[in-house]
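Good morning, everyone. Please take a moment to look at the sequence and the model before I start talking you through them.

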Amino acid sequence: MNSDGPALGFDIGSKIIGVAICNPLTDGVRDLGIVTVGERGLDWARVDALVADWAPAALVVGDPLQLDPEAPDQPNRARALRFARQARQRYALPVYLVDERDTSKEAARRFAADRARGTRRRRDAARIDALAAVLILERWLMQPGSATEVNP
(Lines give C-alpha, C1' and ligand atoms only; values in the text may rest on other atoms or scores of the structure.)
Protein backbone atom coordinates (compact mmCIF):
# COMPACT_ATOMS: atom_id res chain seq x y z
CA MET A 1 0.00 0.00 0.00
CA ASN A 2 1.22 3.47 -0.82
CA SER A 3 0.66 5.86 2.09
CA ASP A 4 2.35 8.91 0.59
CA GLY A 5 -0.91 10.67 -0.09
CA PRO A 6 -4.56 10.30 -0.88
CA ALA A 7 -6.03 7.46 -2.91
CA LEU A 8 -9.00 7.48 -5.21
CA GLY A 9 -11.28 4.45 -5.05
CA PHE A 10 -13.51 3.19 -7.84
CA ASP A 11 -16.53 0.89 -7.85
CA ILE A 12 -16.81 -0.11 -11.51
CA GLY A 13 -20.27 -0.69 -12.96
CA SER A 14 -21.57 -1.05 -16.48
CA LYS A 15 -23.28 2.39 -16.44
CA ILE A 16 -22.01 4.12 -13.30
CA ILE A 17 -18.65 4.20 -11.55
CA GLY A 18 -18.68 5.21 -7.91
CA VAL A 19 -15.73 7.31 -6.74
CA ALA A 20 -14.35 7.98 -3.26
CA ILE A 21 -11.24 9.56 -1.74
CA CYS A 22 -9.20 8.58 1.28
CA ASN A 23 -6.20 9.82 3.17
CA PRO A 24 -4.25 6.80 4.47
CA LEU A 25 -2.59 8.94 7.15
CA THR A 26 -5.90 9.82 8.80
CA ASP A 27 -8.03 6.88 7.60
CA GLY A 28 -10.58 9.48 6.46
CA VAL A 29 -12.74 8.20 3.58
CA ARG A 30 -15.59 9.99 1.83
CA ASP A 31 -17.55 9.61 -1.36
CA LEU A 32 -16.94 12.00 -4.25
CA GLY A 33 -19.78 11.00 -6.54
CA ILE A 34 -20.10 9.10 -9.77
CA VAL A 35 -18.68 8.94 -13.26
CA THR A 36 -21.02 7.86 -16.02
CA VAL A 37 -20.45 5.25 -18.68
CA GLY A 38 -22.45 6.16 -21.76
CA GLU A 39 -22.85 4.77 -25.23
CA ARG A 40 -19.43 6.15 -26.12
CA GLY A 41 -17.85 4.53 -23.10
CA LEU A 42 -16.37 5.83 -19.88
CA ASP A 43 -16.22 9.58 -19.28
CA TRP A 44 -12.41 9.65 -19.05
CA ALA A 45 -12.47 13.47 -18.99
CA ARG A 46 -14.28 13.30 -15.63
CA VAL A 47 -11.77 10.76 -14.29
CA ASP A 48 -8.93 12.98 -15.58
CA ALA A 49 -10.43 15.93 -13.68
CA LEU A 50 -10.71 13.90 -10.45
CA VAL A 51 -7.09 12.78 -10.72
CA ALA A 52 -5.97 16.37 -11.44
CA ASP A 53 -8.04 17.82 -8.58
CA TRP A 54 -7.11 15.30 -5.90
CA ALA A 55 -3.54 14.39 -7.01
CA PRO A 56 -3.76 10.84 -5.64
CA ALA A 57 -0.71 8.76 -4.83
CA ALA A 58 -2.63 5.60 -5.77
CA LEU A 59 -5.84 4.35 -7.35
CA VAL A 60 -7.88 1.53 -5.81
CA VAL A 61 -10.31 -0.45 -7.95
CA GLY A 62 -12.91 -2.89 -6.68
CA ASP A 63 -12.35 -6.39 -8.03
CA PRO A 64 -15.73 -8.17 -8.27
CA LEU A 65 -14.45 -11.64 -7.50
CA GLN A 66 -16.85 -14.56 -7.50
CA LEU A 67 -16.74 -17.50 -5.14
CA ASP A 68 -15.15 -19.43 -7.99
CA PRO A 69 -12.50 -17.08 -9.45
CA GLU A 70 -11.98 -19.48 -12.37
CA ALA A 71 -15.64 -19.34 -13.39
CA PRO A 72 -16.13 -18.33 -17.03
CA ASP A 73 -18.10 -15.31 -18.17
CA GLN A 74 -17.27 -12.66 -15.62
CA PRO A 75 -18.10 -9.43 -17.49
CA ASN A 76 -18.02 -7.28 -14.34
CA ARG A 77 -14.55 -8.50 -13.46
CA ALA A 78 -13.32 -8.03 -17.03
CA ARG A 79 -14.67 -4.45 -16.95
CA ALA A 80 -12.91 -3.70 -13.63
CA LEU A 81 -9.60 -5.18 -14.78
CA ARG A 82 -9.77 -3.25 -18.06
CA PHE A 83 -10.38 0.00 -16.15
CA ALA A 84 -7.50 -0.79 -13.74
CA ARG A 85 -5.05 -1.46 -16.58
CA GLN A 86 -6.13 1.62 -18.54
CA ALA A 87 -5.89 3.82 -15.43
CA ARG A 88 -2.40 2.42 -14.69
CA GLN A 89 -1.26 3.35 -18.19
CA ARG A 90 -3.08 6.67 -18.32
CA TYR A 91 -1.94 8.08 -14.97
CA ALA A 92 1.32 6.19 -14.26
CA LEU A 93 0.16 5.69 -10.66
CA PRO A 94 0.07 2.51 -8.63
CA VAL A 95 -3.29 0.81 -9.08
CA TYR A 96 -4.51 -1.74 -6.56
CA LEU A 97 -7.29 -4.28 -6.91
CA VAL A 98 -9.34 -4.99 -3.78
CA ASP A 99 -11.95 -7.70 -3.35
CA GLU A 100 -15.26 -5.88 -3.49
CA ARG A 101 -17.64 -8.76 -2.76
CA ASP A 102 -20.70 -7.57 -0.84
CA THR A 103 -19.75 -3.88 -1.00
CA SER A 104 -22.87 -3.02 -3.00
CA LYS A 105 -25.09 -4.76 -0.44
CA GLU A 106 -23.30 -3.04 2.44
CA ALA A 107 -23.55 0.32 0.63
CA ALA A 108 -27.30 -0.20 0.22
CA ARG A 109 -27.59 -1.03 3.95
CA ARG A 110 -25.64 2.10 4.88
CA PHE A 111 -27.75 4.19 2.55
CA ALA A 112 -30.95 2.82 4.10
CA ALA A 113 -29.64 3.53 7.60
CA ASP A 114 -28.71 7.09 6.56
CA ARG A 115 -32.22 7.56 5.11
CA ALA A 116 -33.75 6.32 8.36
CA ARG A 117 -31.65 8.89 10.27
CA GLY A 118 -32.66 11.58 7.79
CA THR A 119 -29.11 12.25 6.56
CA ARG A 120 -29.84 11.00 3.01
CA ARG A 121 -32.82 11.35 0.71
CA ARG A 122 -34.25 9.10 -1.95
CA ARG A 123 -32.85 11.36 -4.66
CA ASP A 124 -29.34 10.55 -3.33
CA ALA A 125 -29.75 6.90 -4.37
CA ALA A 126 -27.32 7.35 -7.28
CA ARG A 127 -24.62 7.84 -4.66
CA ILE A 128 -24.89 4.20 -3.53
CA ASP A 129 -22.14 3.43 -6.04
CA ALA A 130 -19.96 6.10 -4.42
CA LEU A 131 -20.66 4.52 -1.02
CA ALA A 132 -19.48 1.20 -2.46
CA ALA A 133 -16.24 2.98 -3.47
CA VAL A 134 -15.92 4.17 0.15
CA LEU A 135 -16.17 0.56 1.31
CA ILE A 136 -13.52 -0.51 -1.21
CA LEU A 137 -11.14 2.13 0.16
CA GLU A 138 -11.93 1.14 3.74
CA ARG A 139 -11.00 -2.46 2.92
CA TRP A 140 -7.79 -1.29 1.29
CA LEU A 141 -6.86 0.69 4.38
CA MET A 142 -7.78 -2.04 6.86
CA GLN A 143 -6.37 -4.99 4.91
CA PRO A 144 -3.38 -3.66 2.96
CA GLY A 145 -1.88 -7.10 2.34
CA SER A 146 -5.01 -8.30 0.55
CA ALA A 147 -4.69 -5.84 -2.34
CA THR A 148 -3.10 -6.82 -5.63
CA GLU A 149 -1.07 -4.23 -7.52
CA VAL A 150 -1.72 -3.95 -11.25
CA ASN A 151 1.56 -4.34 -13.13
CA PRO A 152 2.53 -1.84 -15.82
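This is a predicted model: local features need pLDDT of at least 70, side-chain atom pairs count only at pLDDT 80 or more; totals for chains, interfaces and linings use all residues.

Which residue forms a salt bridge with Asp48? The partner is Arg90, and the closest N and O atoms of the two are 2.9 Å apart; by salt bridge I mean a side-chain nitrogen of Lys or Arg within 4 Å of a carboxyl oxygen of Asp or Glu.

Residues are numbered from 1 along each chain as its sequence is written, and side-chain values use heavy atoms, with hydrogens and water left out.

Now the overall layout. The protein chain has four helices and seven strands, where helices (H or I, at least four residues) and strands (E, at least two) are DSSP runs, numbered from the N terminus. Read from the N terminus, the order of the elements is β-β-β-β-α-β-α-β-α-α-β. Of the 152 residues, 44% count as buried, a word I use for under 20% relative accessible area, with exposed meaning over 50% and partly exposed lying in between (1.4 Å probe, protein chains only). If we take contacts, meaning heavy atoms within 4.5 Å, between residues at least 6 apart in sequence, 65% of them join residues at least 24 apart.

Let me return to the salt bridges, of which a search of the whole structure finds two. In the one I began with, Asp48 belongs to helix H1 and Arg90 to helix H2, so the pair links distant parts of the chain, 42 residues apart. Asp48 is partly exposed, at 28% relative accessibility, and Arg90 is partly exposed too, with a relative accessible area of 41%. Arg77 and Asp63 also meet through their side chains in a salt bridge, at 2.7 Å from N to O. Arg77 is in helix H2 and Asp63 in strand S5, so this pair ties together parts that are 14 residues apart in sequence. Here Arg77 counts as partly exposed at 21% relative accessibility, whereas Asp63 counts as buried at 6%.

The buried residues in H2 are Ala80, Leu81, Phe83, Ala84, Ala87, Arg88 and Tyr91. Seen down the axis, they fall within an arc of 160 degrees, so they line one face of the helix, the arc being that of the directions from the helix axis to the C-beta atoms. The buried residues of H2 pack against several elements, including S1, helix H1 (44–54) and strand S5 (58–63). After H2 comes Ala92, whose phi is positive, near 50 degrees.

What is the nearest side chain of opposite charge to Arg88? It is Glu149, 5.1 Å away, and Arg88 is buried yet has no salt bridge; in this count Lys and Arg are positive and Asp and Glu negative, while His and the chain ends are not counted. Leaving aside neighbours within four places in sequence, Arg88 is in contact with Leu93, Val95, Val150, Asn151 and Pro152.

Finally, the aromatic rings. The search finds four aromatic pairs, where rings of Phe, Tyr and Trp (its six-membered ring) pair if their centres lie within 6.5 Å, and planes under 30 degrees apart count as stacked, over 60 as edge-to-face and the rest as tilted. One of them joins Phe10 and Phe83 in a tilted arrangement, 5.0 Å centre to centre with 55 degrees between the planes. That pair links distant parts of the chain, with Phe10 in strand S1 (residues 7–12) and Phe83 in helix H2, 73 residues apart. Phe10 counts as buried at 1% relative accessibility, and Phe83 counts as buried at 4%. Phe10, Trp44, Phe83 and Tyr91 form one aromatic cluster.
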